[in-house]
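Please consult the sequence and the structure alongside them.

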Amino acid sequence: MTMTNATDLIIFGAAGDLANRKLFPALYRLHCAALLNENVRIMALARAELSTEEFAQSLFASLQLILDDAELTSNQWISFAQRLDYLSMDFKEQNQYSNYR
């Protein structure tokens, strides 16, 4: 079964161990299997002060440690990375949630 609607996935703690070892590899594999609608976007939230490009580079390095070389292809990675957006925020600061509507 494939996702058929546009969806925004929000991952809190996106720079953490759980996200890097489990969530992002699973999402990448779903992407490669064409099980994510082309309109699915992934919003990664974490405390680290990074740009989206820096986060994507860090995620790519993490995925290289987890996925086989045959799975992590250049073309698939480029199309997957286009789904990513990154926001740095302190989750304890309630006012920061209203800044990103």
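Q: At about what angle to β1 does helix α1 run?
A: In this predicted model, helix α1 comprises residues 17–32. The helix lies across β1, β2 and β3. Its direction relative to β1 is about 170 degrees.

Q: Which strands stand at the edges of the sheet?
A: Three strands form an open sheet with parallel pairing, in the order β1-β2-β3. Two of these strands each have a single partner strand, so one side of each is left without a neighbour in the sheet. The edge strands are β1 (8–12) and β3.

Q: Which residue in β2 does D8 stand opposite?
A: Strand β2 spans residues 41–46 and pairs with β1 in the parallel sense over five bridges. Within β2, the residue opposite D8 is R41.

Q: Are the rings of F55 and Y86 stacked, edge-to-face or tilted?
A: The whole structure holds five aromatic pairs. The ring centres of F55 and Y86 are 4.9 Å apart and the planes stand at 20 degrees. Planes under 30 degrees apart count as stacked, so the pair of F55 and Y86 is stacked.

Q: How many residues apart in sequence are the parts that the pair of F55 and Y86 ties together?
A: Both F55 and Y86 are buried. F55 lies in helix α2 (residues 52–66) and Y86 in strand β3 (residues 84–88), so the parts tied together are separated in sequence by 31 residues.

Methods
Residues are numbered from 1 along each chain as its sequence is written. This is a predicted model: local features need pLDDT of at least 70, side-chain atom pairs count only at pLDDT 80 or more; totals for chains, interfaces and linings use all residues. Side-chain values use heavy atoms; hydrogens and water are left out. Rings of Phe, Tyr and Trp (its six-membered ring) pair if their centres lie within 6.5 Å; planes under 30 degrees apart count as stacked, over 60 as edge-to-face and the rest as tilted. Helices (H or I, at least four residues) and strands (E, at least two) are DSSP runs, numbered from the N terminus. Buried means under 20% relative accessible area, exposed over 50%, partly exposed in between (1.4 Å probe, protein chains only). Two strands pair if DSSP finds at least two bridges between them. Contact means heavy atoms within 4.5 Å. Axes are lines fitted to C-alpha atoms, for helices over the stretch in contact, and angles run from 0 to 180 degrees between N-to-C directions.
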